[in-house]
Amino acid sequence: MAGRNFLFVPGPTNVPDRVLRAMHVPMEDHRSAGFPDLVLPLLADLRKIFQTADGTAFIFPGTGTGGWESALVNTLSPGDKVLAFRYGQFSHLWIDMMQRFGLDVTVVDREWGEGASPDMVRDLLAADKGHAYQAVCVVHNETATGVTTDVGAVRKAMDAAGHPALLLVDSVSGLASIDFRMDEWRVDLAITGSQKGFMLPAGLGLVCASPRALARGAGARLPRCYWSFDDMRKANATGYFPYTPSIPMLYGLREAVNLLLEEGLPAVFARHHRLAEGCRRAVQGWGLSLCARGPQWYSDTVSAIMVPPGINGADVIDIAGRRYNFALGAGLNKVAGKLFRIGHLGDLNEITLLAGLAGSEMAMRDAGIDITLGSGVAAAQRYWRETQQPLPPRATGGPAEAAARPAGSR
Ligand SMILES: *Cc1c(COP(=O)(O)O)cnc(C)c1O
């Protein structure tokens, strides 16, 4: 098909051209004397994205799922009690992993459309007088439902209970797109992957560990080898890896971190918020509703849009892909068929997202949803025009100046 295939799945996200070019490199010897010049500054700058000064960043060849595993096996022992909230497919899968590792998981089920409850964290931990819970696990941004949990509030709840459990956070679809403050929230393990906010292909599991989390490692008895923090730290200390890293991915990550730091994290977060709010206005314009059950849960990286009864959300996605050559996210598990998702994270601006909104309108109409064409697009356009930034100064000699010149002059 001609034209670009626009990705509006919440991962993998569109890879910026600068990142694609940076990855187009010949292979090199990862044991060479020069290799640490790439690795050491990259590990240091990665910590800026996690907003940590004390944390240790890890780059595993893998994905977010591998990041989950590394977080568990480096800090916990078989039979350890952990507290975990389930409110979507990703929190569900992480809990499944915890159970497969033989952890004793207290699962708190929440409505799909809400997130973790700080009040419940406080009450459950306050009741745990013997401090049996070793960890609290939350998914910062539940990608399946477009729900963001207030991790800072979860930390406050743990403090209020005076509980020493570790705080493990999946921010696979949050980090580098929405505010994530590892140090301020005293997150002990933060987990992400490369194919969401980092705008890279899948292929890296990125993890950051607090000094407390690393200290727990010595007593943690879950078996680990490939995901061992100790092996990784030993090699990373001199700028190497314990096994062969994916070299193009490292160059891509270098460029992605450059892009994020050049724009500045506050600007990155503000852009995502503004784009997401435009998308929410569009949903309102269509007369549809989000899976997220209230503004406190709204995700700035993904919107899960409920389809009316009698309509299969999968049809919207199928038509989007086959007829219009763009990708929307599916409803997973409990919400399969009931919604479709628009991912609005990573490398995008208003015009990119308008394409996704306009395409969604066509696909929805084709699938039998009674919306007015243009209603969502117009609502987003209005919102973005109302909230636009002042124009940057005009470069001299641009098209406007040329047009202002009298006819015949050059
Ligand atoms: C994508 C995602 C994952 C899984 O990551 P993989 O890279 O596919 O292993 C985990 N958690 C959340 C919240 C995600 O969005």
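A salt bridge is a side-chain nitrogen of Lys or Arg within 4 Å of a carboxyl oxygen of Asp or Glu, and the count between domain 1 and domain 2 of this protein is one such bridge. The structure is a predicted model, in which local features need pLDDT of at least 70 and side-chain atom pairs count only at pLDDT 80 or more, while totals for chains, interfaces and linings use all residues. Residues are numbered from 1 along each chain as its sequence is written, and side-chain values use heavy atoms, with hydrogens and water left out.

**The two domains**

- The domain assignment, whose bounds come from an automatic or database source, gives domain 1 as 6–10 + 264–386 and domain 2 as 17–262.
- The C-alpha centres of domain 1 and domain 2 lie 27 Å apart.
- Where the domains are in contact (heavy atoms within 4.5 Å), 26 residues of domain 1 meet 33 residues of domain 2.

**The interface between them**

- About 2,300 Å² is buried between domain 1 and domain 2, with carbon and sulfur atoms giving 61% of that area; buried area is the accessible area (1.4 Å probe) that two parts lose on being put together, summed over both.
- On the side of domain 1, Leu265, Phe269 and Trp297 lose the most area to domain 2, and together they make up 27% of what that side buries.
- The side chains of glutamate 111 and arginine 293 meet in a salt bridge, at 3.4 Å from N to O.
- Helix H10 (265–286), strand E11 (302–306) and strand E13 (339–343) each supply at least two residues of the side of domain 1 that touches domain 2; helices (H or I, at least four residues) and strands (E, at least two) are DSSP runs, numbered from the N terminus.
- The largest share of that side of domain 1, four residues, comes from H10.

**The ligand**

- A polar side-chain atom of threonine 63 lies 2.6 Å from an oxygen atom of the ligand, and an N or O atom in the side chain of threonine 65 is 2.5 Å from an oxygen atom of the ligand.

**Backbone details**

- The peptide bond from glycine 11 to proline 12 is cis, with omega near 0 degrees, and proline 12 is found in the loop between strand E1 (6–8) and helix H1 (17–23).
- Histidine 131, a residue other than glycine, has a positive phi near 55 degrees, and histidine 131 is found in the loop between helix H5 (118–126) and strand E5 (133–139).

Conventions: A polar contact is a pair of N or O atoms within 3.5 Å; within protein, one must be able to donate a hydrogen and the other to accept it, and residues adjacent in sequence count only if both atoms are side-chain atoms.
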